[in-house]
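Work through the exercises below with the model open. Try each task before reading its solution.

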Amino acid sequence: MSQDRNDLGLEAGTRQPVFAGCRVGPRHPRESFRDRQVPAYLRVVMWTCGLAVAAGCTNANTPPIAKPPKAAASPKAEVAVTPVASQVDAKDAAESAPLPAVTSDHKPAPSTTPEQDSQPEELSSPERLAILTPGGPLLVDARLTINGQPHAKAFDSIVKRVLDASDTDHDGRSTWKELTADRVYFEKEMQNAPAVGSRQMKTLIERYDENRDGQIQPAEAAGWLGRDAGTSAKALAVRSTRAYRPVARATSQVWHLIDGDRNGGLSSDEIDAAPDRLLSLDADDDRILAPPEMASLREQLEAAGQRQMNVGREASHYAVIYLEPDVEIERLHYLLSDLYAPQQDLGPASFSDLGGLFKILDANGDDWLERDELASMLSVDPHVQLTVAFNRDAKVEKGSATIEVKTLSPVATVAAQPSADRAVISMGNTRLILSAHNLSTAASDEQTAAQAAAQNQIRFMVHDRCDALFEELDANADGRLGEREIAYCPARLAERDRNGDGQLAGDEFPYSMIVALLLAEQPSEQSFYIPPSAAISAANSDKPLPAWFSHADLNGDGDISRREFLGSIEQFNRLDVDQDGYISAAEAGTAL
């Protein structure tokens, strides 16, 4: 039987149709009812019966039409998520059960009901990332919006602009030939554009036409948009680095300043003297230690031969993995094994702070993670949910950014939320400093598509190239040490003395990671830095403050010290309710 004809419902060698296994018409391909000399009335009866039989066969072999499902309830902005700890309990209770079902809102299936289709686009699925902390991969779901819309929407519209510009004949096919033939558009997009048909133009097209078909695919258009940066433009891009074996004190300038005897530990006397040693760098005498003043510390220590803080250290290029739906599981397995179990299998001890995650992933309970089991990292419940909103107004020079943090696992806690764009997460001996930064500028008619794409690209930067002790002492995460933070330095260091011997050893020292989300960062920027932050001041208070407080807070740290207060000591003590030596914004607000 000929396969191609049978696919069309035709028997080989004939044009008579076959319906669901029943033949209609004569068995011989060349014989008809008329050739058989059958009376006319019998031919009518036989044809009628044949059609009835064919219809019956068709109905018998056709599955019943499934009834449409009932309309599901509309999704809510907050999705109920089962904590990771509860998943561990469920798995422990049934060791032979398959991987437990999860209720994460990561990458949900498309809606098919009218109610869900009418929901606003703000409810689009979040991006999943794994931050590779020393204690294991911390799973983070980040819901990102730009001006209230999903972050990918604006970027996709720029890609569509390129595709539309390269379809000048409107035949539905975008081609490189059409793109380069439009000299007005092409020369606007690319300075010193090569001539059409030149060798340079041919080389340029070959560079971005990955499949060599002459047409422009969306991915190729994204590559074209990122040509100035030397990499394909993306709605969300990640870059990261971290030490394979992080030793926080080795790269801490503050530690080397406080460690007067250079023995690698902090004694009780050195801890008590820490405020004075820190204030010795306060060049402008405002009782605040700012990053520029820390730069002078680097020079002092290097001059004294303390170059070990800048020693080259083995570093991994991966401190975060973007868990896209099409992520290569083989690559994921390699990266996790390389970091957490070099030359070994990923076992229960590999994730020292996230043992619960290991138990969930280890579906067969054999105490080591296979490649297929790691694929579940894309669907299990996250440890942390982030909601990051970037907003910009044409009337305002600078845009704004906010970040909301929700932890879903007891291993991770929100240690501080000093401002709307900053937060601190604590997990074991690791401290994650999260921040969101809107670096975009107002759009203009002269803006090229590549520039517009850069303005709508979000970058997720994670690294540990920071002064971990400075970050630990910076309680409000404003990027500087205020007077209160410096004064409370001994007490904060004492909290890290786990063995209670009055000293601080290197292994008791916290490890810090910078986690920054940046909108419209320069495409060529590939360095790792600590994004600048506006000072946290009394303006962040939710209560109205008297004018005298704003004027008296000379250094803008949100507190008024005895040195700044112009009234009497009796007035100061009356306002300083908790008698900690500072008048906070909250205390000033209650005095109204």
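**Exercise 1: the sheet**

An open sheet is built from seven strands, ordered 7-6-14-15-13-12-11, with mixed pairing. The model is predicted.

Task: find which strands stand at the edges of the sheet.

Solution. Strand 7 (315-316) and strand 11 (413-419) do. Each has a single partner strand, so one side of each lacks a neighbour in the sheet. Now go to strand 14 (residues 458-463) and strand 15 (residues 511-519): they pair in the antiparallel sense over six bridges.

**Exercise 2: aromatic pairs**

Task: the structure holds nine aromatic pairs. Classify F186 with W224, stacked or edge-to-face.

Solution. The ring centres are 5.5 Å apart and the planes meet at 20°. Planes under 30 degrees apart count as stacked, so this pair is stacked. Next, place the residues. F186 lies in helix 7 (residues 183-189) and W224 in helix 9 (residues 218-225), so the pair ties together parts 38 residues apart in sequence. Then check burial. F186 is buried at 1% relative accessible area; W224 is buried, also with a value of 1%.

Compare W548 and F549. Their pair is edge-to-face, 5.9 Å centre to centre with 65° between the planes. W548 is partly exposed at 34%, whereas F549 is buried at 0%.

**Exercise 3: cluster and charges**

Task: which residues form one aromatic cluster, and what lies over the face of W224?

Solution. W176, F186, Y208 and W224 make up the cluster. R227 lies over the face of W224, 4.0 Å from the ring centre. Elsewhere, the charged end of R239 sits over the ring of F528, 5.9 Å from its centre.

Definitions and conventions. Residues are numbered from 1 along each chain as its sequence is written. This is a predicted model: local features need pLDDT of at least 70, side-chain atom pairs count only at pLDDT 80 or more; totals for chains, interfaces and linings use all residues. Side-chain values use heavy atoms; hydrogens and water are left out. Two strands pair if DSSP finds at least two bridges between them. Helices (H or I, at least four residues) and strands (E, at least two) are DSSP runs, numbered from the N terminus. Rings of Phe, Tyr and Trp (its six-membered ring) pair if their centres lie within 6.5 Å; planes under 30 degrees apart count as stacked, over 60 as edge-to-face and the rest as tilted. Buried means under 20% relative accessible area, exposed over 50%, partly exposed in between (1.4 Å probe, protein chains only). A charge sits over a ring if NZ of Lys or CZ of Arg is within 6 Å of the ring centre and within 35 degrees of the ring normal.
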